[in-house]
Amino acid sequence: MSQNLSTSNDYKVFLQNIKQRIQTAQIKAALAVNQELLHLYWDLAEQIVAKQQAASWGDGFLQQMSRDLQAEFPGMRGFSKRNLELMRQWYRFWSSTPAITQQLVSQLPWGHNLVIISKIKHLDEALFYVQKTIENHWSRAVLIHQIESGFYQRNGKAINNFQATLPAPHSDLAHQTLKDPYCFDFLMLREKHDERELENALIEHITRFLLELGAGFSYMGRQYRLEVAGDEFFMDLLFYHVRLHCYVVIELKTVKFKPEFVGKLNFYISAVDSLLKTAEDNPTIGILICKSKNDTVVEYALRDVHKPIGVSEYTITKHLPADLQSSLPSIEDIEAELGKNSA
């Protein structure tokens, strides 16, 4: 009987549903435990601050409190003097904000909370990272990366014509997908690199590239071929954004922005709208990422363009030294060596 069940598709589907239900319950239980723990930390910190102000107790009070709590609850972590100090710092950081903010903060693990209050000084910026972490399910490592790369300062800063070319609220959502500049510090390139070299490097580091682009981007291809009336055209990079429900064409330029770049990208967007976009998809968006730009020139170039386009810069602070670059074998050299060894 059990052997027949193990090979039954109906049973496999049933079992998979049960597994998903259990996993969902585990996640909900973990979130509930985390929220209850953070509520406890908040209450403890609130009482510590109030008592120290009223009784003029110094930090020796925290050392005594730590010893007493650890003695009473030996199996419970989190009552070290250092963690009590962090609770107090965390409470002081957020205590001036409304209750809704406290509810948001309690949705993050304690380690995420500590990263935010240790690396950020201003409440608006801290709340931004709290909301983005909840929306995108960032790990602690990803949260640290986003803070250190200045995501808050770069988010939604690119020049674009989305308000004029996209309906609300789609235009607002699209605007928030853009950054300026894009930070490609994970690449090691020559200082004078060309578009193909930049494109190759980004695809070789596609996971980091997708992280930098932001949540929702799904990679479709590079040098993506389009045929228009018998002529072939190749877009640098094509993505699909699962939240915006639209294709995103990205063109890379390793030089300063020129107005004519917009015309080419505008053509690609039109072609994708005609050849790839379905009735269920929203209008295709174009992103032009240049080495540098003059903002006024960009604004003039986009003023009468009717396709949604955003223009950003990119930065790379790490460059491969010229002497090291020249000493590295080319792809052709490597392939020739591999062919020689296999012969």
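This is a predicted model: local features need pLDDT of at least 70, side-chain atom pairs count only at pLDDT 80 or more; totals for chains, interfaces and linings use all residues.

**Entry on serine 66.** When I set aside the neighbours within four places in sequence, I found serine 66 in contact with Phe79, Ser80, Lys81 and Leu84.

**Entry on asparagine 34.** I then turned to asparagine 34, which sits in helix 2, made of residues 9-55. Its relative accessible area is 16%, so I counted asparagine 34 as buried too, under the cut-off of 20%. Which residues does asparagine 34 touch, not counting those up to four places away in sequence? I listed Ser106, Gln107, Leu108, Pro109 and Trp110.

**Entry on leucine 213.** I found leucine 213 in helix 13, and I noted that leucine 213 counts as buried, at 2% relative accessibility. Leaving out residues up to four places away in sequence, leucine 213 touches Thr177, Lys179, Tyr182, Phe239 and Ile250. I also checked a pair: leucine 213 and glutamate 36 are 177 residues apart in sequence, and their C-alpha atoms are 34 Å apart in space.

**Entry on aspartate 295.** I looked up another pair, aspartate 295 and isoleucine 159, which are 136 residues apart along the chain and whose C-alpha atoms are separated by 7.4 Å. Aspartate 295 belongs to helix 15, residues 295-302. With a relative accessible area of 39%, aspartate 295 is partly exposed, since that class lies between the 20% limit for buried and the 50% limit for exposed.

**Entry on the backbone.** Where are the cis peptide bonds that I could write down? Another cis peptide bond joins aspartate 180 and proline 181, with omega at about 0°, and proline 181 is in the loop between helix 11 and strand 2 (182-183).

I also looked at phi angles. Alanine 229 is not a glycine, yet I found for it a positive phi of about 50°. This alanine 229 lies in the loop between strand 3 (217-228) and strand 4 (231-241), and alanine 229 is exposed, at a relative accessible area of 80%. Histidine 245, again not a glycine, has a positive phi of about 55°. I placed histidine 245 in the loop between strand 4 and strand 5 (246-256), and I recorded histidine 245 as partly exposed, with a relative accessible area of 42%.

**Entry on the largest pocket.** I remind myself that rolling a probe the size of a water molecule over the atoms shows where empty space is left. What is the volume of the largest pocket? I wrote down about 470 Å³. Of the 23 residues that line the largest pocket, those closest to its centre are Lys132, Asn136, Gly214, Ala215 and Arg243. The elements that give two or more residues to this lining are helix 7 (123-136), helix 8 (140-148), helix 11 (170-177) and helix 13 (206-213); helix 13 is also where I had found leucine 213. Sorted by class, the lining of the largest pocket has 11 nonpolar, 7 polar and 5 charged residues.

**Entry on the whole chain.** Last, I looked at the protein chain as a whole, in which I noted 17 helices and 7 strands. Its radius of gyration is 26 Å, well over the 20 Å that the globule rule gives for 343 residues, so I wrote that the protein chain is more spread out than a compact globule. Along the principal axes, the C-alpha trace of the protein chain spans about 80 × 70 × 55 Å. Buried residues make up 40% of the 343 residues. The protein chain exposes about 19400 Å², and carbon and sulfur atoms supply 54% of that area. Among contacts between residues at least 6 apart in sequence, I noted that 62% join residues at least 24 apart.

How values were computed:
Residues are numbered from 1 along each chain as its sequence is written. Side-chain values use heavy atoms; hydrogens and water are left out. On a 1 Å grid over the protein atoms alone, a cavity is a set of points where a 1.4 Å probe fits but cannot get out, and a pocket is an open set with protein on both sides within 12 Å along at least five of seven lines; lining residues have an atom within 4 Å of a point. Grid points are joined across faces, edges and corners, and a volume is the space filled by probe spheres set on the points. Helices (H or I, at least four residues) and strands (E, at least two) are DSSP runs, numbered from the N terminus. Ala, Val, Leu, Ile, Met, Phe, Trp, Tyr, Cys and Pro count as nonpolar, Asp, Glu, Lys and Arg as charged, and the others, Gly among them, as polar. The radius of gyration is taken over C-alpha atoms; the globule rule is 2.2 Å times the number of residues to the power 0.38. Buried means under 20% relative accessible area, exposed over 50%, partly exposed in between (1.4 Å probe, protein chains only). Contact means heavy atoms within 4.5 Å. Accessible areas come from the Shrake-Rupley method with a 1.4 Å probe; for residues, only the protein chains shown count as cover.
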